[in-house]
Amino acid sequence: MLQELPTLSPAQYSLVYNMFSFTVATMAAAFVFFVLAQKNLAPKYRISMMVSALVVFIAGYHYFRIFNSWEGAYALNQSMGAYEPTGEPFNDAYRYVDWLLTVPLLTVELVLVMDLPKGESGWMAFKLGFAAALMIALGYPGEISGDASFFGTRGLWGFLSTLPFLYLLYVLFTELGDTIQKQSSEVATLLGNARLLLLFTWGFYPLVYMVPMAFSGYPTETPGTIAAIQVGYTIADVLAKAGYGVLIYNIARQKSIEEGFDVGEYSEPVTASA
Ligand code: RET
């Protein structure tokens, strides 16, 4: 963030520090899971797990950088018993670069696992991916601006970014809705859940974005707001990337079973019996 960093209490500093650390570990674990879980899926669904693995890899790297940046931006002032800014900026650009890469990939993942009729996937992935990238790019100028007012810079860019977001939801709940109806009832339920998880987790980001407008005096950030933003985005990222990837895995696995692929997870070990 380019705005001045406030002094934080040890509890606020450590909460954000621990969330970042936990998220690096979660993304790394999710990466291993998605790579290993691919063998349980029919070959045509493996690509969606590869995309999940890519997403959490990119996120793990960025959280590592965000974590370092957080460590560099603050130092404990022993006599005050508080964390003071060192003067090094806390670089929030990592978060937006991460989203710019991963958010379109998350929409691609959903399109891939749906296995749309030939010729439809490419156009659908393009529409959703493009809207997702535009949404992130338009949010960034507001996020880094020091003016947090509703009718100021933050509010304006937030509004512009909401337009592609609404378009994305529209496509997801109208056009993709028709495709969901055509799947078996198990798969339709799972796909419906993935879409709901997407709606709730993605819907959380604009709410976190609005925290400075709602709870702090304009135009600078208060200690509580900066902690709330970082913790809020981090929880949403874990759910929207790792949690969502596991749901996509379940869909792919169910579809693999229905299409006659031996998913092998529950097969008895082969023993040399008499
Ligand atoms: C912004 C700016 C304010 C308006 C809107 C936003 C939406 C952000 C979203 C981000 C999703 C990120 C994900 C990351 C996980 O990999 C940019 C906060 C609508 C929806 C899913």
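Q: What percentage of the residues of the chain count as buried?
A: Of the 274 residues, 50% count as buried. Buried means under 20% relative accessible area, exposed means over 50%, and partly exposed lies in between (1.4 Å probe, protein chains only). This is a predicted model, in which local features need pLDDT of at least 70 and side-chain atom pairs count only at pLDDT 80 or more, while totals for chains, interfaces and linings use all residues. Residues are numbered from 1 along each chain as its sequence is written, and side-chain values use heavy atoms, without hydrogens and water.

Q: Which helices and strands does the chain have, and in what order?
A: The chain has 8 helices and 2 strands. From the N terminus, the order is α-α-β-β-α-α-α-α-α-α. Helices (H or I, at least four residues) and strands (E, at least two) are DSSP runs, numbered from the N terminus.

Q: Why is Phe 204 called partly exposed?
A: Phe 204, which is found in helix H7, has a relative accessibility of 33% and therefore counts as partly exposed.

Q: Why is Asp 115 called partly exposed?
A: The relative accessible area of Asp 115 is 35%, so the residue is partly exposed. Asp 115 lies in the loop between helix H3 (93–114) and helix H4 (120–144). Its phi is positive, about 55°, although Asp 115 is not a glycine.

Q: What makes H8 largely enclosed by the rest of the structure?
A: Of the 36 residues of H8, 26 are buried, so the helix is largely enclosed by the rest of the structure.

Q: How do you know that the span of helix H8 is close to the one expected?
A: The expected span is 1.5 Å times one less than the number of residues. Helix H8 (residues 223–258) reaches 52 Å from its first C-alpha to its last, close to the expected 52 Å.

Q: Where does H8 bend?
A: H8 bends by about 30° at Tyr 244. The bend at a residue is the angle between axes fitted to the seven residues ending there and the seven starting there.

Q: What makes strands S1 and S2 a pair?
A: Two strands pair if DSSP finds at least two bridges between them. Strand S1 (residues 74–77) and strand S2 (residues 82–85) are joined by 4 bridges and run antiparallel. Ala 75 stands opposite Glu 84 in S2. In the hairpin of S1 and S2, which has 4 residues between the strands, Gly 81 takes a positive phi near 65°.
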